[in-house]
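Me: Take me through one part of this model in detail, please. I'd like the strand partners and then the ligand site, with the cut-offs spelled out.

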Amino acid sequence: MSTFQELGLNEDLLNAITDLGFKTPSEVQEKAIPILLEEERDLVALAQTGTGKTAAFGFPMLQKIDITSRTTQGLILSPTRELCLQITNELKHYGKHCNGLNVVAIYGGASITEQARQVKRGAQIIVATPGRMKDMISRKLVDISKIQYSVLDEADEMLNMGFYEDITDILSHTPDDKSTWLFSATMPKEVSIIAKKFMYDPTEITVGNKNESTNQVSHEYYLVNARDRYQALKRLSDANPEIFSVVFCRTKRDTQKVAENLIEDGYNAGALHGDLSQNQRDLVMKSFRNRQIQTLVATDVAARGIDVDDITHVIHYQLPDEPEIYTHRSGRTGRAGKTGISMAIVSKSEVRRIKSIERIIKKQFEKKDIPSGTDIVEVQLMALANKIHKTETNHEIDKHLESINELFADTDKDELIKKFFSVEFNRFFNYYQKSKDLTVSDSRGSDRDSGGRDYEKQSNDTRYFINVGRKDGFDWMKLKDFLKEVLELGRDDVFKVDVKDSFSFFNTEKTLQEKVLAFFTDYKHDGRFVNVEVSENRGRSGGGRRDRGRGKDDRRSGGRGRRRDEKPRGDRRSRRSDNSENRGERRSRRSDDSKPRRSGSASDRPRRSRRK
Ligand code: ADP
Ligand code: MG
């Protein structure tokens, strides 16, 4: 292992490195910095997030540019505004002893004239997102015709986000004899195309295996019934009192919902997705950075900018559509030499996807059981004990000690401890005492135990009744499109659509059931409530052994006739107020098991010890 000195960095930069507290170069820095300092050539570097890529290109660029000149000599393209600001910030730190250095960030959503003004003052380095950069070039607000170094940071992400044409366009305004340094976590075809097209005989360096996720991350999956996803998420969080996590959902709607539910249940959670304004997103990220938010629920797209160290867990509320995305998600933890855990909550129908992810990350998942209520109670109790143990004594209490002592004159120490803990703990204890086991047996292993078989017997589809039909202007195609659109589902997620005059039926995978039913709890179409319920048509959906509701028409289903064989399973409103254990799956969110254990006022609920 070499030192930063041995890599050939100059005094100013070495001083900054000492100030930053970097002791030894990371692998990508060790490999890239000497090459970039010594030679004028193109480079392709494959390294995961959190491996120190910014410094790997930042230091050489800072050392090689002419700071006495005000010409723009370096251009760094990065996928998001967040990353763009982060790189700019890092570079300013790295170059803090380089007098006269001016690094300017260019990104959308902020004043273009202000950015143009900053560039005009003489920016040796510009860090930009492709969209805004292209805009500035076409308005002639920047001149990149003399740059010597261009960096494509997180190239795979930029291409994922559809920036191919913007990048091509931007690079066409740069000189042919510049050096291009491409950094990427993965090497999909699109990235090699870029490398071939824009680079001349690049040196290739790889840190770890191509496409392999960071070594510091261990991968776990938890098999649950789809309807228990949210409960599982809560348990995984509760079993890790010090958790600082990002929870990934597939859609904006799920992201918002999960975050709202967590907040309602007393967690320090926040949502990050594309429907929020830039301002809202900035606020959420700020709270997350300073740990006011302990659990950040995010979509893949919105999370692209997240570059926060010390994330302890990445939780996949649902697996991503593309296995490659898994790599990006899990790369949010295990950064800067720390360890991290990536936990996937999967339903039976998703288990096979674990295999394809394993192939890509070249690592095995460990199958684990959702912690039981007892486990969690124990963990939380010990966390509380440790917290109390570490708490500094407040001596303001001294003056009241006498009267307090008087009150507890007859209570011995053990008893006192128990009482004291009960104050913080009862609500929590009561919540988990009633909880059931969420773990489902793995079909890859056996499906012979009764719990597993019960689940197995049901088909993987759910058939629904919906109270709209031809009279409402739907045919099967229109209904399918409508459902896909409002539910934000994929091309093949809705099937077996069967439209009748005044009502219809359709199927989805069982994993989507919770989402479908939750969405239609109070959805209006053309001023009328759209009612969706699980249909009891045995032929198609299986199951049907659950107790049947009274089957009376409720007003929301329009009082229209239903075919006998395809009757919705009971009146939803009556079911909702009924807490008996064997009622349908729609119990999940409002049932006892999910009742906010932290629903009390801020003072009486057990709060997590917040990290500073
Ligand atoms: P990447 O771009 O590969 O995702 P970053 O460049 O953002 O990674 O670096 C991740 C974190 O590691 C940052 O907080 C950075 O300051 C820190 N870091 C980078 N290099 C070193 C080093 N040699 N020693 C210690 N910390 C480092
Ligand atoms: Mg980076």
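**A strand and a ligand site**

Reply: Strand 8 and strand 13 (residues 340-346) run parallel and are joined by 7 bridges; strands here are DSSP runs of E, at least two residues, numbered from the N terminus, and two of them pair if DSSP finds at least two bridges between them. This is a predicted model, so local features need pLDDT of at least 70 and side-chain atom pairs pLDDT 80 or more, while totals for chains, interfaces and linings use all residues. Residues count from 1 along each chain as written, chains are lettered from A and ligands numbered from 1 in written order, and side-chain values use heavy atoms, without hydrogens or water.

Ser 218 has Ile 341 of strand 13 as its bridge partner. Strand 14 (residues 366-368) also runs parallel to strand 8, with 3 bridges, and there Tyr 221 is partnered by Lys 367.

Now the ligand. Ligand 1 has 18 residues around it (a heavy atom within 4 Å), and the closest are Thr 24, Gln 29, Gly 50, Thr 54 and Asp 309. Domain 1 (5-206) and domain 2 (214-445), with bounds from an automatic or database assignment, both supply shell residues, so ligand 1 lies between them. For polar contacts (N or O pairs within 3.5 Å), a side-chain N or O atom of Asp 309 sits 2.7 Å from a ligand 1 oxygen. A backbone N or O atom of Thr 24 is 2.9 Å from a ligand 1 nitrogen. The protein buries 83% of the 570 Å² that ligand 1 exposes taken alone (Shrake-Rupley, 1.4 Å probe).

Note on methods. Helices (H or I, at least four residues) and strands (E, at least two) are DSSP runs, numbered from the N terminus. A polar contact is a pair of N or O atoms within 3.5 Å; within protein, one must be able to donate a hydrogen and the other to accept it, and residues adjacent in sequence count only if both atoms are side-chain atoms.
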